[in-house]
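Hello,

Here is the structure you will be working with. My notes on it follow below the model.

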Amino acid sequence: MEKYVLYREDAFQKIKEIKSWSIDLVITDPPYGVNFQSAWYNDSKEYIFPKLDIMFGELKRILKFGSHVYVFIPTLEAEKWISVAKKYLYFNNILATKALKTNCSKKNNNYGHNLQLVMYCSKSQPKDLNHVNWIKTSKSWLNDPRNKYPKEYTYKYPNYIPDYIRSTAFDSKFHPNEKNIKFLSYLVRLSSHEWEIILDPFMWSGTTWLASLYLNRKFIGIEQNEKYFEIAKQRLSNLKLNTQNEAQ
């Protein structure tokens, strides 16, 4: 395939046309089913929840064995997403990032919703994460005489993403729920190699796409909304990248 292929279509339908065992990594932020009022996508439970089996069933079909899946999920409906994902994929962990921008008002009887969860799954047992200079070794352990092989970085990655990685969930430059491109780039580096194929079936403004291109991965993106599909293409046109593409 070319370096990237984009489709302006319904992800729940288009994903059925992707070749089996062809995808090396999935990173996506789908509609949550939390009844968020929006003029540009249907976020109702009635629409989203019946389609989860379609999405995860198709991910199982198209992924290569051992390949990783990262899905941003909502806190209050996390059990729904996890329970459906477990029917089709191997559930590995939940990553937690800080969401600084939320629409939740202050309440006296609850904690704030400023945590963004990322479900980490795989097709069968996951392949090893790549060694990426991501988490710095603590100074105390780095200088501890018991540490026989002191290294500046550790490859035992935590599931809560530290602030110094700038892992906040939202950038909101091009899309209300846009994710931080630096965090997505880390996921790309941790879970894929150059020229492997990454899929984002809910591309929105194209952040996963750009992270993939920066790191020399191939990419398949699906986005139904015309506005954000065009914004994604415009973001690429502002970059000086030697790319070849098909946009349909």
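Leaving out residues up to four places away in sequence, Phe-56 touches Val-71, Trp-81, Val-84, Ala-85, Tyr-88, Leu-89 and Met-119, where contact means heavy atoms within 4.5 Å. A second core, separate and made of 32 residues, includes Tyr-4, Val-118, Leu-190 and Leu-236. The largest nonpolar core has 35 residues, and Phe-56 is among those that touch the most other members, together with Ile-23, Leu-59, Ile-73, Trp-81, Met-119 and Leu-199. A nonpolar core is a set of buried Ala, Val, Leu, Ile, Met, Phe, Trp, Tyr and Cys residues joined through side-chain atoms within 4.5 Å; buried means under 20% relative accessible area, exposed over 50%, and partly exposed in between (1.4 Å probe, protein chains only).

On provenance: this is a predicted model, in which local features need pLDDT of at least 70 and side-chain atom pairs count only at pLDDT 80 or more, while totals for chains, interfaces and linings use all residues. Residues are numbered from 1 along each chain as its sequence is written, and side-chain values use heavy atoms, with hydrogens and water left out.

Overall, the protein has eight helices and 10 strands, taken as DSSP runs numbered from the N terminus (helices H or I, at least four residues; strands E, at least two). Of its 248 residues, 50% are buried. Among contacts with a separation of 6 or more, 73% are between residues 24 or more positions apart.

Strand S1 (residues 4-7) is covered on both faces, with Tyr-4 and Leu-6 buried on one side and Val-5 and Tyr-7 on the other. In a regular strand, side chains alternate between the two faces of the sheet. S1 pairs with strand S9 (residues 218-222) in the parallel sense over four bridges; pairing requires that DSSP finds at least two bridges between the strands. Val-5 stands opposite Ile-220 in S9.

Helix H6 (residues 181-191) is mostly covered, with eight of its 11 residues buried. Those buried in H6 include Phe-183, Leu-187 and Leu-190. Their cover includes strands S2 (23-28), S3 (63-73), S4 (90-98), S5 (115-122) and S8 (197-200), as well as helix H7 (207-214).

The second largest pocket holds about 250 Å³ of space. It is lined by 13 residues, of which Thr-137, Trp-141, Tyr-153, Thr-154 and Tyr-155 are the closest to its centre. The lining divides into five nonpolar, five polar and three charged residues. Ala, Val, Leu, Ile, Met, Phe, Trp, Tyr, Cys and Pro count as nonpolar, Asp, Glu, Lys and Arg as charged, and the others, Gly among them, as polar. On a 1 Å grid over the protein atoms alone, a pocket is an open set of points where a 1.4 Å probe fits, with protein on both sides within 12 Å along at least five of seven lines; lining residues have an atom within 4 Å of a point. Points are joined across faces, edges and corners, and the volume is the space filled by probe spheres set on them.

Finally, some loop residues. Asn-147 lies between helix H5 (139-142) and strand S7 (153-154) and is buried at 12% relative accessible area. Trp-21, between helix H1 (11-14) and S2, has a positive phi of about 55 degrees although it is not a glycine, and is exposed at 57%.

Regards
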